[in-house]
Amino acid sequence: MPAQSLPHLARSSLLAIGLCACDSHAPATAKAAAPTSSPTAAAKPAEAIDDGPPSPRTVKLDLQAVATRRGPIALHRLGDGEVVLAGGVMLARAGADGNLAQETDWLSGLHAAEPGADWAIHALGGRDDDLWLTVARGGDDPAHRVYRRRENTWTAHEPDPDAPGAYYQDYATWPEGHAIALRSDGDGRAALVLLDDDGARPARPQLEVAGLQSPPRPTRLAGLTTGELFASVAAGPAGAEGLPGLQSGMLRWGPSDTKGIFAPLPGLQSRAPKQVATLVESGGQVLIGDGVEIDEEVVPYVAGFDGTSWRLLDPPPARGSVVSLVETPEPALLAVVDEAGPADSLWRIIHASGDWDVWERVELPPVQVAASWFWDPQAGAWASEPAPVAGLVPSPRAIGRDAAGSLWLSARLLLADGTASPHHAVLRSNGAAGSLALYDDGQVHAAQQDLLPRRSPRAGDATCPQVYVHLYTVSEDSPEVGTPELRTALSGPLGSLLLGEVRSQGERQVGLLLAAGDYEAHKTAIAGVAGKLRYRSRATCGHPPLLRGWRAGG
């Protein structure tokens with residue numbers, strides 16, 4: 001179905017509905033066509049009256065790339081309004097100067113995230129001095145782990161010792177800067193848990209709603225500064241004897257409520273989403289987004305709920321589900337739509353015009369990716385990749401806003417032919433001095449191993465498959481890896497060895513990264529090169545994260 005063929009809703013139909021109403025968002029009545037005379041030779045045919053919304057125009061946002069990564073980048077907002085980036089299990093944060101830095105020491109206490117295991121940060125909540133973290137592994141063997149950060153380290157936390165596999169599915173800031181978590185036991189049962197300075201305890205709001213035939217199944221949380229708490233509820237299956245299942249909707253608790261009030265989601269053309277993909281707080285209300293299937297196509301769904309009534313917006317003229325939402329002070333609402341294929345879209349609505357909610361398609365600037373070294377899990381070695389000649393096109397995945405008002409957007413980068421690349425980027429409305437290259441999964445694992453106590457390699461030690469030979473610490477930037485004398489000395493028999501600039505123990509260093517077998521074969525020659533150039537070489541097990549590399553043999 002073409003994007004403009006979806007019937008739109010008259011502004012008069014956007015009246016607020018009560019908590020008990022299910023679907024008052026019916027399409028507006030079609031305008032009657034004016035009668036026309038029979039055509040004659042001299043008569044001109046009557047011009048068609050276009051009473052639909054105009055075609056969407058394209059606008060540009062001034063966003064600049066502040067981080068890139070070979071792999072997905074997630075956005076998380078802390079209780080104080082700070083936006084934090086997550087690449088795998090590595091966090092990156094903005095400093096006082098606006099530039100981003102990777103928090104390598106924040107890996108301390110986390111289980112090792114082996115490359116290829118697909119461990120990533122699922123949810124993050126709390127304050128800077130008391131953070132709660134859920135990491136998740138997908139694939140055929142999904143799993144979750146929960147951590148609490150106190151005194152500069154992460155400590156494993158068991159959400160429910162009586163329910164193995166329980167984890168915190170989502171976090172919200174409530175009340176007074178503390179966090180409240182949605183705990184899942186893995187079997188569909190859920191509870192709300194308050195996380196404060198003393199740890200975890202049952203929260204006063206309970207997942208009990210009078211009049212519901214089935215227990216609610218919350219999926220997302222959002223808390224307001226007024227003390228109100230919201231939880232999105234997914235639709236449940238039909239009950240016994242063909243009884244209808246639980247509708248999708250929103251649970252709301254007041255600042256002193258124990259039991260929540262349930263409000264079903266309003267329908268778009270008599271259809272409501274089965275779940276809510278995105279739930280965000282915005283001032284005194286919450287915004288929700290997902291998609292509904294109409295005429296065998298998924299149509300974006302956007303609505304706002306102030307705790308008393310809904311306002312359902314006309315959908316952006318695209319096909320797909322809304323996966324991220326944010327509201328800016330202008331006021332403007334931006335929505336990321338997950339469309340079919342690798343290219344997704346970003347839409348903006350500034351105000352309502354007449355009978356229509358007018359959406360604008362947002363065009364994002366291309367992102368230039370630098371040449372990089374990355375860990376190839378298939379080859380089990382470091383590999384290099386040249387910089388693409390042209391900038392890559394951002395395909396948005398998530399959007400957010402920090403307390404300072406800066407807009408953040410995470411995107412996958414597409415090649416010139418529209419196909420997906422392995423690269424992702426984060427763009428921000430206020431730029432940085434340079435774009436930060438976030439670690440890929442192999443570099444994250446290397447950073448975790450680098451935090452472990454150092455030990456020297458020994459012949460035949462199966463627990464030490466890789467060796468790093470530290471040569472010297474980098475004191476100033478250089479256009480090349482290693483000094484000219486070192487590069488000359490590594491030619492010939494040592495030409496196949498990888499000379500790298502690494503990040504180890506908080507320092508930039510230059511050294512050799514090689515397999516344990518190669519180290520044993522060339523150990524004497526390496527020591528000779530180090531002695532000739534007066535380097536105090538030291539060999540240790542493991543590879544620290546590689547930033548740049550060089551081989552004499554290419």
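Colleague: How much space lies in the second largest pocket?

Modeller: In this predicted model, the second largest pocket holds about 1,000 Å³ of space. Its lining has 42 residues, and the closest to its centre are Gln102, Ala437, Leu438, Tyr439 and Leu547.

Colleague: Which helix and strands each supply at least two residues of that lining?

Modeller: The helix is α1 (441–450), and the strands are β2 (64–70), β6 (100–102), β27 (372–376), β28 (381–385), β32 (436–437), β34 (498–504) and β37 (546–550). By class, the lining of this pocket divides into 17 nonpolar, 14 polar and eleven charged residues.

Colleague: And the cavities? What lines the second largest cavity?

Modeller: The structure has five cavities of 30 Å³ or more, and the second largest cavity contains about 50 Å³ of space. Gly88, Val89, Ala113, Glu114, Asp118, Trp119, Asp441 and Val444 line the second largest cavity. Four of these lining residues are nonpolar, one is polar and three are charged; the polar one is glycine, because Gly counts as polar here.

Colleague: Why is arginine 319 called buried?

Modeller: Buried means under 20% relative accessible area. Arginine 319 has 16% relative accessibility, so it counts as buried. This arginine 319 sits in the loop between β22 (310–312) and β23 (321–328).

Colleague: How do you know that the span of helix α3 agrees with its number of residues?

Modeller: Helix α3 (residues 516–532) has 17 residues, which at 1.5 Å a residue should span 24 Å; its end C-alpha atoms are 23 Å apart, so the two agree. There is also a bend of about 65° in α3 at histidine 522. Among the residues of α3, Tyr519, Ile526, Val529 and Ala530 are buried.

Colleague: Where are they, and is each buried or partly exposed?

Modeller: Glutamine 269 lies in the loop between β18 (261–264) and β19 (278–282), and its 15% relative accessibility is under 20%, so it counts as buried. Glutamine 505 lies in the loop between β34 and β35 (507–515). Its relative accessible area of 47% falls between 20% and 50%, so glutamine 505 is partly exposed.

Note on methods
Residues are numbered from 1 along each chain as its sequence is written. This is a predicted model: local features need pLDDT of at least 70, side-chain atom pairs count only at pLDDT 80 or more; totals for chains, interfaces and linings use all residues. Side-chain values use heavy atoms; hydrogens and water are left out. On a 1 Å grid over the protein atoms alone, a cavity is a set of points where a 1.4 Å probe fits but cannot get out, and a pocket is an open set with protein on both sides within 12 Å along at least five of seven lines; lining residues have an atom within 4 Å of a point. Grid points are joined across faces, edges and corners, and a volume is the space filled by probe spheres set on the points. Helices (H or I, at least four residues) and strands (E, at least two) are DSSP runs, numbered from the N terminus. Buried means under 20% relative accessible area, exposed over 50%, partly exposed in between (1.4 Å probe, protein chains only). The expected span of a helix is 1.5 Å times one less than its number of residues. The bend at a residue is the angle between axes fitted to the seven residues ending there and the seven starting there.
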